[in-house]
Amino acid sequence: MIVKTRDFGDIEINEKDIISFKEKIFGFEDYSDFVMLFDDEVGNSFGWLQSVEEPEVCFLVANPDILNVKYTPSVSDQTVEALGGEYNEVWLVMTAGECLENSTVNMKSPVVINSSNGFAAQVILEEDYEIRYSVFGKEIA
């Protein structure tokens, strides 16, 4: 399947790699099917969550393991059930700063994915996590 992307042009993906959001991305409820894209030069700690339906809908995401903070989100039982009973990936939506050092992630609303069935959800956590947490430890003005 060919997907038009915002940052990589036309790419071929396997349809089994499509991630279907059971609880949609806030503000983008019209889009449910996405694919995770990675760039070998960047590595697997950062990715692009690209809409299969609309080329301009694409989110930078970061693996929370890169942060120098303990991050253990509590996902509701209802969401876990919607994902098929489990999730094994957590990604944070990232906002790139004018310079890379000023980039932030939203720790309050992670994307959780069950990679075995391709179901995903964006959740708002009950915990008191920051919405704009510095990826590289710089103070955000």
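Which residues does leucine 92 touch, not counting residues up to four places away in sequence? Leucine 92 touches Leu60, Val61, Ala62, Pro64, Leu67, Tyr71, Val105, Asn106, Met107 and Pro110, where contact means heavy atoms within 4.5 Å.

## About the model

This is a predicted model, in which local features need pLDDT of at least 70 and side-chain atom pairs count only at pLDDT 80 or more, while totals for chains, interfaces and linings use all residues. Residues are numbered from 1 along each chain as its sequence is written, and side-chain values use heavy atoms, with hydrogens and water left out.

## Two nonpolar cores

Let's start inside. A nonpolar core is a set of buried Ala, Val, Leu, Ile, Met, Phe, Trp, Tyr and Cys residues joined through side-chain atoms within 4.5 Å. Buried means under 20% relative accessible area, exposed over 50%, and partly exposed in between (1.4 Å probe, protein chains only). In soluble globular proteins, nonpolar side chains tend to be buried together.

The largest nonpolar core here has 19 residues, and Leu67, Tyr71, Leu92, Met94, Val105, Met107 and Val112 have the most contacts inside it. Strand β7 (residues 89-95) gives the most to this core, with three residues; strands (E, at least two residues) and helices (H or I, at least four) are DSSP runs numbered from the N terminus. A second, separate core has 14 residues, including Ile19, Ile25, Val57 and Val61.

## Two pockets

Now for the pockets. On a 1 Å grid over the protein atoms alone, a pocket is an open set of points with protein on both sides within 12 Å along at least five of seven lines, and its lining residues have an atom within 4 Å of a point. Grid points are joined across faces, edges and corners, and a volume is the space filled by probe spheres (1.4 Å) set on the points.

The largest pocket has a volume of about 210 Å³. Its lining divides into five nonpolar, four polar and three charged residues, with Lys16, Asp17 and Glu89 among the lining residues. Both β4 (33-39) and β9 (111-114) supply at least two residues of this lining.

The second largest pocket has a volume of about 170 Å³.

## A glycine in a loop

Glycine 27 lies in the loop between β3 (19-23) and β4. Glycine 27 counts as exposed because its relative accessible area is 60%.

Terms used. Ala, Val, Leu, Ile, Met, Phe, Trp, Tyr, Cys and Pro count as nonpolar, Asp, Glu, Lys and Arg as charged, and the others, Gly among them, as polar.
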